[in-house]
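I opened this structure to look up how its parts are put together. My entries follow in the order in which I checked things.

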Amino acid sequence: MDAGVAAVVGAAIGGGLAGLTAFGTGLFGLRQARLQLKHQESEAARQRRFESLTERRGPRSQAYAEFVAAGQDLIDALYGQEREFHEQFEGLWEAIRKRRSTVAIAGPDAVVKAAGEFADEVRSFRNDLAHQRRRGHPFNEKHRFERRLDAFTKAARTALEDEGHPPGET
């Protein structure tokens, strides 16, 4: 082979390799750009979620605190005289029921469920009283309410501590 032909073949091979390298680099750059865009979109969605949660945190906190206060009022009333408790009970039940509806709107589902379980326990107790299925001082039933109110408080605290991470990510 003559030197001129070899130089042309060498230049063609070199050019081809340079072209392949440029093509590979371009694909890699495109992949990196797509990954970066995906990450930016994910971060923007997380930021929007965080801002939304931050805006709702105040009203949620208020609703949760009022529900806990109503529940605690009921538990505190159990420590009083039995006759006084029976006189106060309907008003205490009404306060819990009303505050449960506020929690149901504030959400999220785990907190709504815990509020419902507490209110259901109080309603069950109310039915027991109405049908005279309960014996002894109401104080003996305080554990029924304390467990449920503690579960609600834990769910509420978890909801208020949410920082906007997508589910399954911390």
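For what follows, I take contact to mean heavy atoms within 4.5 Å. I am working on a predicted model, where local features need pLDDT of at least 70 and side-chain atom pairs count only at pLDDT 80 or more, while totals for chains, interfaces and linings use all residues. I number residues from 1 along each chain as its sequence is written, and side-chain values use heavy atoms, with hydrogens and water left out.

I looked up tyrosine 64 and, leaving aside its neighbours within four places in sequence, found it in contact with Val103, Ala106, Gly107, Pro108, Val111, Phe152, Ala156, Ala159 and Leu160.

Next I turned to the overall make-up, counting helices (H or I, at least four residues) and strands (E, at least two) as DSSP runs, numbered from the N terminus. I noted four helices and zero strands, in the pattern α-α-α-α along the sequence.

I then checked burial, where buried means under 20% relative accessible area with a 1.4 Å probe, protein chains only, and 25% of the 170 residues count as buried. A nonpolar core is a set of buried Ala, Val, Leu, Ile, Met, Phe, Trp, Tyr and Cys residues joined through side-chain atoms within 4.5 Å. In the largest such core, which has 29 residues, Tyr64, Leu74 and Phe152 touch the most other members. The elements giving two or more residues to this core are α1 (3-78), α2 (82-106), α3 and α4.

Last, I looked at α3 (residues 109-130) and α4 (residues 142-160), which pack at an angle of about 165° with their axes 8 Å apart. Angles over 145 degrees count as roughly antiparallel, and α3 and α4 are therefore roughly antiparallel to each other.

Technical notes:
Axes fitted to C-alpha atoms, helices over the stretch in contact; angles between N-to-C directions. Parallel < 35°, antiparallel > 145°, perpendicular 65-115°, else oblique. Buried < 20%, exposed > 50% of the residue type's maximum accessible area, 1.4 Å probe, protein only.
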